Amino acid sequence: MSREEQQSREGLHTSEQADGGPGAAYMTFVVMEELLDKLKLLRHYFALQTNPGEQFYLFTSLAAWLIRKTGRPFEQPQEYDDPNSTISSILDSLRQLGVSVDFPPNKLKQGFGEHALFVLDHLADAALKSTNFMWKKPELVVEVEEEDDEMEDESELLLEKVEEEMAAEVSDEEEETLLHIDDLQNLRIGNKTFTDSQKPDDILESTTNIDGWKLELERVLPQLKVTIKTDAQDWRTHLEQMQRHRSGIDEALATAKGQLDKLHSDIELTLEKISSREKFLNSQLEPLLDQYRALQDEFARINEQYREVSGGVTERSRILAQVTEELESVKQEMDERGSSMTDGTPLVNIKKAISQIKSEITAMDVRVGVLEHSLLQARLRDKNLLHQDMNAPLHALV
């Protein structure tokens, strides 16, 4: 289906809905069937890991919807809610339905896997049960299916197989219409049958009227059809085979072209929807992105200030450690002095020092006395010598 046909079809549906046509009331069911087919394509979404944050949010949203389908009130989870409280509420609702849970709640934080599927499966069962849905037993229907001849790909047939098929077709045609040349030897004309040994010597003259000739012609006409046996390797046979294949390819191409055109139009329509949705999301998220950029710049500025302040705090911490170390040394010295003040050992040491000083002073006094005595003796000796020199006779001096 081309793009114009698709647009015309959509316009027709819109006009029918606007006019209140008979099919407008059932269009929602048609759209729901298409939506169901699209959702089936996502049936492995909770079985494999793609995006844990997104999967957990969709898991909680789907679980909340199924819980509400069972007739129990459940608030729609938000993306920034506490995951522990959301999981606890879901498990509580599951236990109220009579389902035993024997795995830790942290297993559901991933949003995928066997535990998430376990919860969704039991909630879906409960939702179907609340709508009075009953599973019926399967009915065995015996149908006789005709065996269809398997069509092999003609482009992959071997040359030998093609030749065999051609030979088989030629042989079938020969069985129906082939008249050997040898059959002409025994040709019956009128009431006579001529062979090679019974050829007339004279010229034959007809004595039959025109009506008799026509009747005889109609009688022998089937015998006059001559088909020459052809070889399977003949180019004419190959040409006929190629023409048959060409016609088959044209028929298949006509069928496939319509499907491919429809697929092409569907892909173009989907791409247009994706593009429009992307533009809408960009327009919606642009203010948030601007706010995010502003917050990021503010965070960078605050981080720079924090680094500067943390550098000053580090220097002050070093000074504090140094002062604390000095304080500890002073305290230790004060403790030592306090302990020495209450101890009698210094007093004993002082007394010992005083007695030692006294003994040293006594020895020094003795030495001083000896020195004074020696000095006095020296002075007396010098004085006697001077006195002798003064009393000596003058002539002795001359």
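Start by selecting the place where helices α3 and α5 meet, and show side chains. On the α3 side, pick Phe 59, Leu 62, Ala 63, Leu 66, Ile 67 and Lys 69; facing them from α5 are Ala 116, Val 119, Leu 120, Leu 123, Ala 124, Ala 127 and Ser 130. Color that set by residue class and you get 11 nonpolar residues, one polar and one charged. Bear in mind that this is a predicted model.

Now widen the selection to both whole helices, residues 52-69 for α3 and residues 114-130 for α5. Their axes come within 8 Å and cross at roughly 25 degrees. Since angles under 35 degrees count as roughly parallel, that makes α3 roughly parallel to α5. Look along the pair and check the hand: α3 passes α5 in a left-handed crossing.

Of the 398 residues, 12% count as buried. Among contacts with a separation of 6 or more, 56% join residues 24 or more positions apart.

Last stop: color by pLDDT. The chain's mean is 76, with 70% of its residues at 70 or more. Then select residues 1-9, where pLDDT stays under 50 and the model has 11 contacts beyond four places in sequence. Move on to residues 11-19, also below 50, with five contacts beyond near neighbours in sequence.

Technical notes: Residues are numbered from 1 along each chain as its sequence is written. This is a predicted model: local features need pLDDT of at least 70, side-chain atom pairs count only at pLDDT 80 or more; totals for chains, interfaces and linings use all residues. Side-chain values use heavy atoms; hydrogens and water are left out. pLDDT is the predictor's confidence in each residue, from 0 to 100. Contact means heavy atoms within 4.5 Å. Axes are lines fitted to C-alpha atoms, for helices over the stretch in contact, and angles run from 0 to 180 degrees between N-to-C directions. Helices (H or I, at least four residues) and strands (E, at least two) are DSSP runs, numbered from the N terminus. Angles under 35 degrees count as roughly parallel, over 145 as roughly antiparallel, 65 to 115 as roughly perpendicular and the rest as oblique. A crossing is left-handed if the near helix is turned anticlockwise from the far one by less than a right angle, and right-handed if clockwise. Ala, Val, Leu, Ile, Met, Phe, Trp, Tyr, Cys and Pro count as nonpolar, Asp, Glu, Lys and Arg as charged, and the others, Gly among them, as polar. Buried means under 20% relative accessible area, exposed over 50%, partly exposed in between (1.4 Å probe, protein chains only).
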